[in-house]
Amino acid sequence: MTRPSVLVARAVFGDIVDRLRAHFDVEDNPQDRIFTKAELSAKLAGKAGAFITGSERIDAELLDANPQLRAVCNMAVGYNNIDVDACNARGVLATNTPDVLTETTADFGFALMMAAARRMAESEHFLRRGEWSKWSYDMFIGSDVHGATLGILGMGRIGQAIARRGALGFGMQVIYHNRSRLAPELEAPLGARYVSKEALLREADHLVLVVPYSAASHHAIGAAELALMKPSATLTNVARGGVVDDAALAAALRERRIAAAALDVFEGEPSVHPDLLTVPNVVLTPHIASATVRTRRAMADLAVDNLIAALTGGTPPTPVNPQVLPLKG
Ligand code: GLV
């Protein structure tokens with residue numbers, strides 16, 4: 001029997017790729033070239049499955065060009081790079097990597113929020129520029145995290161993990177807005193209060209975005225929303241670029257309409273809006289919230305578990321669209 005062929009679209013831990021080689025003919029990409037849309041489609045010719053990351057876009061056109069493709073396994077919890085409706089219509093399985101990155105991403109979101117509140121990046125740049133000549137009472141004066149009101153937009157697994165850090169570790173009052181309200185047994189230990197989006201924007205001292213990207217969350221934070229926030233507030237985005245209108249945010253930061261921001265994700269990344277690069281009161285990191293050795297290995301392993309199960313008649317552990325199972329052929 002011929003072995004199915006799979007594509008590993010980006011460079012990833014070699015020993016984890018070897019797990020795929022035990023089952024499939026593997027074409028990998030150790031040089032980590034970023035394929036154009038046409039190159040990705042050509043690479044997928046004859047492949048039954050693909051290990052992908054958030055950088056690879058899977059859409060109807062690509063699926064139609066590769067009707068033999070049966071599974072696309074994302075090494076990411078977010079899957080806005082995959083047109084799931086197009087997958088459903090063609091019986092293609094999509095999978096993601098939930099849970100394994102929750103605590104690591106929450107650590108980083110909390111660290112970014114603290115860095116914004118306490119002006120860590122801005123003050124470090126000042127020091128490196130050699131501008132530190134004396135101590136003064138108001139130098140890089142910021143706002144407290146402990147005891148403050150933590151606002152969370154998107155109270156899924158990562159939102160709840162950030163809320164736990166705030167409520168249990170830092171004595172913060174937690175308010176949140178989400179498509180649906182949490183069950184009382186999840187809210188109670190955090191003292192979390194469900195509020196309208198407008199109340200969230202008005203009341204939060206530190207607002208953290210953890211909402212998945214979709215047409216509905218596009219520019220969920222734009223000029224109008226920023227105008228509702230306290231001038232002393234901070235905004236942290238560990239969700240997806242596009243949830244925030246980056247141009248509007250840069251303007252609000254420059255005019256000090258909010259105090260500071262911290263961003264791990266950007267509209268059109270890896271490009272960053274040029275205005276964000278020149279405002280001082282923003283912490284910028286290159287989409288690394290889940291980047292610890294243990295967590296990135298767990299994510300890669302889970303994507304591989306999904307791909308192996310999908311193409312060998314097993315049960316993929318974390319399908320996005322389980323309704324297409326069992327896969328044909
Ligand atoms: C990272 O952004 C992810 O979705 O896992």
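Q: How much of the protein chain is buried?
A: In this predicted model, buried residues make up 50% of the 329 residues in the protein chain.

Q: And what are its helix and strand counts?
A: The protein chain holds 13 helices and 12 strands. Its radius of gyration is 22 Å, close to the 20 Å that the globule rule gives for 329 residues, so the chain is as compact as a globular protein of that length.

Q: What box do the C-alpha atoms fill?
A: Taken along the principal axes, the box is roughly 75 × 50 × 35 Å.

Q: What share of the contacts with a separation of 6 or more joins residues 24 or more positions apart?
A: Such residues account for 62% of those contacts in the protein chain.

Q: Now for helix α13: what does it span?
A: Helix α13 covers residues 293-311, which is 19 residues. From its first C-alpha to its last it reaches 27 Å, close to the 27 Å expected at 1.5 Å a residue.

Q: Which of its residues are buried?
A: Among them are T295, M299, N306 and the run from L307 through I308, A309 and A310 to L311.

Q: What do those buried residues pack against?
A: The buried residues of α13 pack against strands β1 (5-8), β3 (49-52), β4 (71-74) and β5 (93-95), and against helices α1 (14-21) and α5 (102-117).

Q: What comes just after α13?
A: G313 is found there, with a positive phi of about 80 degrees. The segment after α13 also holds P326, which a cis peptide bond joins to L325, with omega about -5 degrees.

Q: What about R256: where is it, and what is its phi?
A: R256 is found in the loop between α11 (246-254) and β11. Its phi is near 55 degrees, a positive value in a residue other than glycine. At 40% relative accessibility, R256 counts as partly exposed.

Q: And H287?
A: H287 is not a glycine, yet it has a positive phi of about 50 degrees. H287 is found in the loop between β12 (282-284) and α13, and at 31% relative accessibility it counts as partly exposed.

Notes:
Residues numbered from 1 in each chain as written. Predicted model: local features only at pLDDT ≥ 70, side-chain atom pairs only at ≥ 80, totals over all residues. Heavy atoms only, no water. Helix = DSSP H or I, 4+ residues; strand = E, 2+ residues; numbered from the N terminus. Rg over C-alpha atoms; globule rule 2.2 N^0.38 Å. Buried < 20%, exposed > 50% of the residue type's maximum accessible area, 1.4 Å probe, protein only. Contact = heavy atoms within 4.5 Å. Expected span 1.5 Å × (residues − 1).
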